[in-house]
Amino acid sequence: MKTVIEEAREIKVVKETDVIVIGGGIAGISAAVAARRCGAEVTLIERSVCLGGLATNGLVCVYFPLDDGGGNRIFGGLTEELLHVCIKYGYNNLPDCWKVKPTPLKVDNPKNRYRSTFNIPAAVLAFDELVQTEGIDVMFDTAFASPIMEGNTVKGIFVENKSGRSAYLAKVFIDTTGDSDLLYRAGIPTETDPENIVSSWTHEINVPEFMKAYEAGGLIAAVPLRWFGLRPDVDNTNAVIPKFDGTDADGRNGYINLSRKLMLDYLKKNVRDDYCFMTYPTQIQTRMTRRLVGKKELNCKDAYAYVDSSIGCVCHCMDFPAEVYEFPYEGLYSDAVTNVLAAGRMVSAGGRGWEIMRSIPQCALTGEAAGTAAALAAAGDGNVDHVDIKELQRILVKNGNIIHCTPAMKDKTAVFNDYHKNAKATGGGALGIKIDTLSYNEEGH
Ligand SMILES: Cc1cc2nc3c(=O)[nH]c(=O)nc-3n(C[C@H](O)[C@H](O)[C@H](O)COP(=O)(O)OP(=O)(O)OC[C@H]3O[C@@H](n4cnc5c(N)ncnc54)[C@H](O)[C@@H]3O)c2cc1C
């Protein structure tokens, strides 16, 4: 392979602060707010021009439920607060019994697994308002490039933006890039999932359907999401679609090109005056790319097991009802580096655990725990392994989180969703192979 040498150069240090959060998705917003509310000075670095990540730029405007499918609320704190931020200035279909803040611990709503759809522009503006109100320094349009290491401690990061390359220094760093960009480049152990299924979303308007749907159900029904590629919860047996590695530049370009080709194929068949797409994703819609291999991992074999260092309860948001597991604080970091935490869809959870931890509520939960722990570490010696876990848990509980399973959560028999069972697809392959375009709207049409 041909290589070139990058010349050494002097780089300006733009800021020295307590906590730097890299990535402004749901996990990053939650982490930044939690750290700030614990008294830390916080800078949030975001490569796009708005907050929300997959939940806004990736069009995933569906906040999964806060309960275990048996009516037991398992999430509170910032997970509940961010749901209300998402729906603050826009439409929503949150059932009324979940609108009470905070929602009671037992809710009589177990007829279905509710989900809350939200309006993306309204959520983006409400996220801006939240971080500004909290006094968080947000740098948009700024990409993390590489860590500045001193032994096994991250002293700072290099970023790239229109001003060129610059450096930010901090006591503690939280990686919420979704893809473990900081972890990987700092040499922290990670695991990669090279087989992301193409499953892309966009909003559509079909005027005749719009009129009927608006009368019957309002804007959410009138401007439905249309999916392209594989939908993990339906039978895709006839699909022949390659999978892609979301940690590799070529893999990502393959995914992006194919997802847009599927959209174009569909649009070509529907070019008419009363039909259009309203949106397209501006963040690649990969689910699981690269995650932390932490000091501990989510154990989803022992449902309801007591975890001494638990930072919160989690469950599979599509099982109905679902088993509940406690997530360990040590699943947010590795001993390989002293002062880095992970949060969001890249925490330490393998196999089915990764599926569980990547949903929006779980991302908000781990963000809040990481932000709180980062503030505690920054006020101490900076080492995230030295955080007083009892104090961390005390703050999380004070702020409304439920860190241990209750007898009511155990009082049910879980029914597992065959999520991903039907997500058949061929491995790898260049574009141009046979593609049976699959497209669905939310009703499966
Ligand atoms: C197709 C699809 C459907 C889904 N459906 C649902 C659903 O119905 N309900 C649900 O609850 N969950 C769903 N999920 C999962 C959920 O949307 C995501 O896992 C979750 O939003 C991830 O949040 P996050 O903050 O961890 O990561 P992300 O949302 O990926 O945020 C990462 C942020 O980091 C930024 N970033 C990345 N790299 C850098 C860098 N180098 N420098 C600076 N910034 C960087 C990105 O721009 C982004 O803003 C779905 C996911 C997909 C892909």
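This is a predicted model: local features need pLDDT of at least 70, side-chain atom pairs count only at pLDDT 80 or more; totals for chains, interfaces and linings use all residues.
A residue is called buried if 20 or more other C-beta atoms lie within 10 Å of its own, exposed if 12 or fewer do, and partly exposed in between, with C-beta atoms placed from the backbone. Please keep that one in mind. Residues are numbered from 1 along each chain as its sequence is written.

I will start with one residue. Is Pro65 buried or exposed? Pro65 counts as buried, because it has 27 C-beta neighbours inside 10 Å. Pro65 sits in the loop between β3 (62-63) and α2 (77-86); helices (H or I, at least four residues) and strands (E, at least two) are DSSP runs, numbered from the N terminus. Setting aside residues up to four places away in sequence, Pro65 touches Arg113, Tyr114, Arg115 and Cys317. Contact here is defined as C-beta atoms, placed from the backbone, within 7 Å. Leu94 is 29 residues from Pro65 along the chain, and their C-alpha atoms are separated by 9.3 Å.

Next, the domains. The assignment, which is automatic or from a database, gives domain 1 (13-193 + 289-402) and domain 2 (199-283 + 419-441). Their centres, taken over C-alpha atoms, are separated by 27 Å. The contact takes 16 residues from domain 1 and 14 residues from domain 2.

Now the ligand. There are 37 residues around the ligand, and Gly23, Gly25, Gly53, Gly178 and Gly344 come nearest; a residue is near if its C-beta atom, placed from the backbone, lies within 6 Å. Among the elements that give two or more residues to this shell are β6 (143-150) and β10 (199-206). Which element gives the most to the shell? That is α1, with 3 residues. Why does the ligand shell lie between the domains? Domain 1 and domain 2 both give residues to the shell, so it lies between them.

Last, the core. A nonpolar core is a set of buried Ala, Val, Leu, Ile, Met, Phe, Trp, Tyr and Cys residues joined through C-beta atoms within 7 Å. The largest nonpolar core has 119 residues, of which Val19, Leu341, Ala373 and Ala374 touch the most other members. α9 gives the most to this core, with 12 residues. Leaving aside neighbours within four places in sequence, Val19 has contacts including Ala35, Val42, Ile174 and Ala374.

Key: Two residues are in contact if their C-beta atoms, placed from the backbone, lie within 7 Å.
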